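Subject: structure handover

Hi,

Here is the structure I promised to pass on.

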Amino acid sequence: MRDSVRLPLHLVAGLVLLIAAAAVFQAIAGAALGPGARLAALDIGVAQWLHTRAGEPLTSMLLALSHLHSTPGIAFLSLLFAWHLWRRQAHYWMLTLLLAVPPGMLLNVLLKHSYQRARPSFDAPLLSLPTYSFPSGHALAATVFYGVLACYLWTRARSAAQRAAVAVAALLMVGLVAFSRLYLGVHFLTDVVAGVAEGLGWLAVCVTAVSSLRRHRERGLP
């Protein structure tokens with residue numbers, strides 16, 4: 001009887017990550033945009049500090065990194081990854097990628113229009129965008145893309161050292177993309193943290209759903 005109600009480990013892990021990510025996102029949204037906006041001063045302070053210290057060649061490097069992870073850039077990277085998965089006949093991973101990236105980016109657009117937060121404003125901006133700021137779409141896109149890539153490579157790693165390298169590389173890429181948006185002055189700190197939390201929550205949903213589908217089909221369940 002106990003075994004019949006025991007949740008598989010992947011479901012428990014996915015549920016825990018989803019709940020934690022949702023809680024972090026909600027807390028940030030409330031503290032940054034809610035009554036009192038307790039994190040507003042921190043957001044402005046970080047934005048101003050980075051803007052006054054911007055310079056070459058870092059600006060050009062981070063502009064290139066940011067453009068690479070724009071919507072067209074992420075679409076290109078996703079197509080390359082999908083092509084690799086198709087060649088490897090990794091159909092479930094391809095499904096995970098397709099569920100994680102395009103719908104995740106659409107979810108981000110819906111949230112932006114829900115919160116309608118203006119972007120940081122400077123007298124001499126490095127980059128100006130007309131869209132809303134919260135949560136960061138680049139941070140979301142990097143999180144779901146590199147999250148799926150890391151999960152895929154993790155399952156193929158042959159040692160703990162390789163798994164650690166995969167995890168560190170994914171974290172580094174997400175962190176660099178998030179930092180590029182802060183440095184370029186198009187997002188506040190809470191925007192990018194919320195974008196990462198949003199991405200982790202959506203990634204948990206997609207990976208868990210496809211994993212459950214695969215397990216059911218392998219067991220011959222309807």
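Predicted model: local features only at pLDDT ≥ 70, side-chain atom pairs only at ≥ 80, totals over all residues.

Gln89 sits in the loop between helix 5 (71-87) and helix 6, where helices are DSSP runs of H or I with at least four residues, numbered from the N terminus. Its phi is positive, near 60°, though the residue is not glycine. Most residues other than glycine have a negative phi, and most peptide bonds are trans.

Residues are numbered from 1 along each chain as its sequence is written, and side-chain values use heavy atoms, leaving out hydrogens and water.

On peptide bonds, the one from Glu56 to Pro57 is cis, with omega near 5°, and Pro57 belongs to the loop between helix 3 and helix 4. Phe134 and Pro135 are also joined by a cis bond, omega about -10°; Pro135 is in the loop between helix 6 and helix 7.

Next, helix packing. Helix 4 (residues 58-68) packs against helix 8 (residues 160-183) at about 115°, the axes being 9 Å apart. (Axes are lines fitted to C-alpha atoms, for helices over the stretch in contact, and angles run from 0 to 180 degrees between N-to-C directions.) Contact here means heavy atoms within 4.5 Å. Helix 4 contributes Leu58, Thr59, Leu62, Leu65 and Ser66, and the helix 8 side includes Met173, Leu176 and Phe179. By class that contact has eight nonpolar, three polar and one charged residues, with Ala, Val, Leu, Ile, Met, Phe, Trp, Tyr, Cys and Pro as nonpolar, Asp, Glu, Lys and Arg as charged, and the others, Gly among them, as polar.

As for salt bridges (a side-chain nitrogen of Lys or Arg within 4 Å of a carboxyl oxygen of Asp or Glu), the count is two. One of them pairs Arg117 with Asp43, 2.8 Å from N to O. That pair links distant parts of the chain, 74 residues apart: Arg117 is in the loop between helix 6 (91-115) and helix 7 (137-156), and Asp43 is in helix 3 (residues 40-52).

Last, the surface: which residues form a nonpolar patch there? They are Leu15, Leu18, Ile19 and Val205, with about 310 Å² of accessible area together. Patch members have over 30% relative accessible area and no salt bridge, with nonpolar side chains (Val, Leu, Ile, Met, Phe, Trp, Tyr) joined within 5 Å and like charges within 9 Å. Areas are Shrake-Rupley with a 1.4 Å probe, and for residues only the protein chains shown count as cover. Helix 2 (residues 9-33) supplies the largest share of the patch, three residues.

Cheers

Terms used. Helix = DSSP H or I, 4+ residues; strand = E, 2+ residues; numbered from the N terminus.
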